[in-house]
Each structure stands twice: as C-alpha cells, then as structure tokens.
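Here is a short briefing to read alongside the structure. Take a look at the model first, and then let's walk through it together.

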Amino acid sequence: MNRLPSLLKPLMPIIAAAYGVAIIFVTAMPMSGDAPSVSGELLSMLLTVAGIGLTFFLVKHVEPKMFASVRQFSLTIPKWPIIVGLFLIAPLWSVAEGNVVYGLTSLVHTVQMEPLTFTAEELREDLTASIHAVLLAPVLEELCFRQMAISPFHSRRAQIVVCVIMGLLFGFLHVRNFPGAFFSAMVYGLVFIWSRNIWYGIVLHAGHNLTAMFFALYCWLGLGDIQMTKTPVIFLTDAKLFVGSIILAAVGVFIVAVWRKKTQII
C-alpha cells in the first residue's frame with residue numbers, strides 16, 4: 001500500500017486529464033444535438049455540480065492521504081477583495097490572449113478576421129450558456145486539470161513541468177482553440193503554483209469567460225467593434241476596451257497586492 005503513491009505520482013497528470021475528460025464528456029451528453037433543450041441544459045448543469053462535488057471530495061479527502069505535498073495547497077475560498085481584484089484583472093488577460101494567439105497564428109498563415117455580430121436569439125443562447133461557463137465549468141476544469149494534477153508534486157520545477165503537460169492536454173481538449181486554451185491553462189496553472197490556492201485560478205478562469213460574454217453584449221449594443229475568427233478562437237478588441245482593460249487590471253493588481261500584504265501582516 002505504501003508503494004502505491006510512488007507508483008501513481010508520475011501518472012497523476014495523465015490520470016487527472018483522463019478523469020477530467022471523462023467528467024466533462026458525461027456532463028456534456030445532455031447538450032448533444034443541434035438544438036439542446038432547456039431540460040438538457042438543466043441536466044447538464046446538475047451533472048456538472050455533481051462532478052464538482054465528486055472532484056472536490058477527491059482532492060480534499062483522498063489525494064492528501066496519498067501525497068503529503070497536496071497539503072501545501074489550499075482549497076479555502078479567498079476573501080472577497082481578492083475575488084474582486086482577480087475579476088478586474090481577467091479582462092486584460094482576455095485581451096492579451098487574443099493578441100498573442102493572433103500574432104502567433106499570423107506567423108503560420110493569414111488570419112481572416114470578421115466583425116463580431118450577434119442576433120437577439122444568439123445573444124440569449126450565449127447568455128444562457130454563460131451560467132455554465134462562468135459559474136460551473138471553471139471550478140470543474142481547474143480542480144481536474146490543475147489541483148488534481150499539480151498538487152501531488154512537491155518541487156516548483158516539477159509543478160511547472162506538470163503545468164506545461166496539462167496545458168498541452170487542456171489545449172488538445174479544446175481542439176479548434178488549442179493556442180488560446182494552452183496559454184490560458186499555463187496562466188491558471190502558474191497562478192495556482194504561485195498562490196498555493198486553486199480558487200485564484202478558478203476566479204481568473206471565470207472572469208475570462210465572463211469577459212467573453214461582455215464582448216457579446218458590447219457588440220450587440222453597438223458600443224464598439226470587436227474582430228474575431230473561430231479557428232482558432234481569437235478576439236481583437238477596439239482601443240476603448242484595450243485601455244479600459246488596462247485600467248481595470250491596474251486596480252485589480254493593487255487590490256490583490258494590498259490585501260495579500262495585509263493578510264500576511266495579520
């Protein structure tokens with residue numbers, strides 16, 4: 001029995017990825033088809049909540065018994081100033097991700113961008129989907145692809161190596177959005193390693209998805225122009241959103257830095 005942790009530890013990134021893919025596949029089954037029903041959407045959300053509960057149990061009660069290094073990471077939800085600060089930082093990450101992916105993709109082939117447009121029905125569907133994308137999916141994905149995979153490893157070097165591996169696997173899971181998903185996974189993983197708290201990555205992930213919903217509203221209301229392409233998924237914002245995201249991020253960084261310093265002093 002004592003040998004089991006040492007045998008499983010090198011396999012944890014693969015085990016965590018396989019587990020995460022299986023859970024996501026099960027939760028997505030009710031949404032299969034061209035026109036998912038309301039009941040299908042609700043069932044998918046309920047399955048996701050159940051998946052979060054199971055995964056939370058595994059990372060809180062099972063993993064710590066097998067791997068001592070798991071205890072260096074916290075599952076405690078941060079205080080509200082940290083959450084607010086991370087949400088304010090998220091829009092800049094969304095804008096930066098779009099520009100990075102656009103730049104790298106342009107090195108390979110010409111990227112044809114189109115204006116982002118929405119009909120009222122498309123906007124309604126996206127806003128409905130945002131409930132899952134903002135409140136549920138980030139929790140499940142971060143627990144599976146970051147907490148479960150990275151926490152068994154003690155050294156920073158090993159954690160970063162696993163972070164890269166999980167970034168690649170997370171990118172492959174998102175298929176047509178591999179570059180964006182990979183870079184996002186790297187950011188969330190490094191934030192997890194730095195903060196020692198999975199909720200930092202969860203909030204940043206949720207804020208990133210919420211920003212995408214804001215982009216839809218922004219264009220639908222005619223407030224500005226956003227260019228996009230679907231393969232890979234790229235959003236290029238106008239100057240107003242770019243400047244606004246920088247200002248919000250500066251405020252967010254200030255809030256997080258001040259609050260972390262305050263709690264360390266206390």
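Let's begin at the start of helix α9, where a side-chain oxygen of asparagine 197 comes to within 2.8 Å of the backbone nitrogen of tryptophan 199. Please keep in mind that this is a predicted model.

**Helix α9**
- Helix α9 covers residues 198-220, 23 residues in total, and spans 34 Å from its first C-alpha to its last, close to the 33 Å expected at 1.5 Å a residue.
- Of the 23 residues of α9, 18 are buried, so the helix is largely enclosed by the rest of the structure.
- Just after α9 comes glycine 222, which has a positive phi of about 70°.

**Aromatic pairs**
- The whole structure contains eight aromatic pairs. One of them joins phenylalanine 214 and tyrosine 218 in a tilted arrangement, 6.0 Å centre to centre with 40° between the planes.
- Both phenylalanine 214 and tyrosine 218 belong to helix α9, where they sit four residues apart, about one turn of the helix.
- Is each of these two residues buried or exposed? Phenylalanine 214 counts as partly exposed because its relative accessibility is 42%, while tyrosine 218, at 6%, counts as buried.
- Phenylalanine 215 and phenylalanine 235 also make a tilted pair, with ring centres 5.8 Å apart and planes at 55°.
- Phenylalanine 215 is in helix α9 and phenylalanine 235 is in strand β3, so this pair ties together parts that are 20 residues apart in sequence.
- Phenylalanine 215 is buried, with a relative accessible area of 4%.
- Elsewhere, Phe172, Phe178, Phe182 and Phe183 form one aromatic cluster.

**The sheet**
- Strand β3 brings us to an open sheet of three strands, ordered β1-β2-β3 and paired antiparallel. Its edge strands are β1 (114-115) and β3 (233-236), each pairing on one side only.
- Two bridges link β1 to strand β2 (residues 227-230) in the antiparallel sense, and glutamate 114 stands opposite methionine 228 in β2.

**Charged groups**
- How many salt bridges does the structure hold? There is one, formed by arginine 146 and glutamate 142, whose closest N and O atoms are 2.7 Å apart.
- Arginine 260 lies over the face of tryptophan 194, at 4.4 Å from the ring centre.

Definitions and conventions
Residues numbered from 1 in each chain as written. Predicted model: local features only at pLDDT ≥ 70, side-chain atom pairs only at ≥ 80, totals over all residues. Heavy atoms only, no water. Pairing = 2+ DSSP bridges. Expected span 1.5 Å × (residues − 1). Buried < 20%, exposed > 50% of the residue type's maximum accessible area, 1.4 Å probe, protein only. Polar contact = N/O pair within 3.5 Å; in protein donor to acceptor, adjacent residues only side chain to side chain. Salt bridge = Lys/Arg side-chain N within 4 Å of Asp/Glu carboxyl O. Phe/Tyr/Trp six-rings, centres within 6.5 Å; stacked < 30°, edge-to-face > 60°. Lys NZ or Arg CZ within 6 Å of the ring centre and 35° of its normal.
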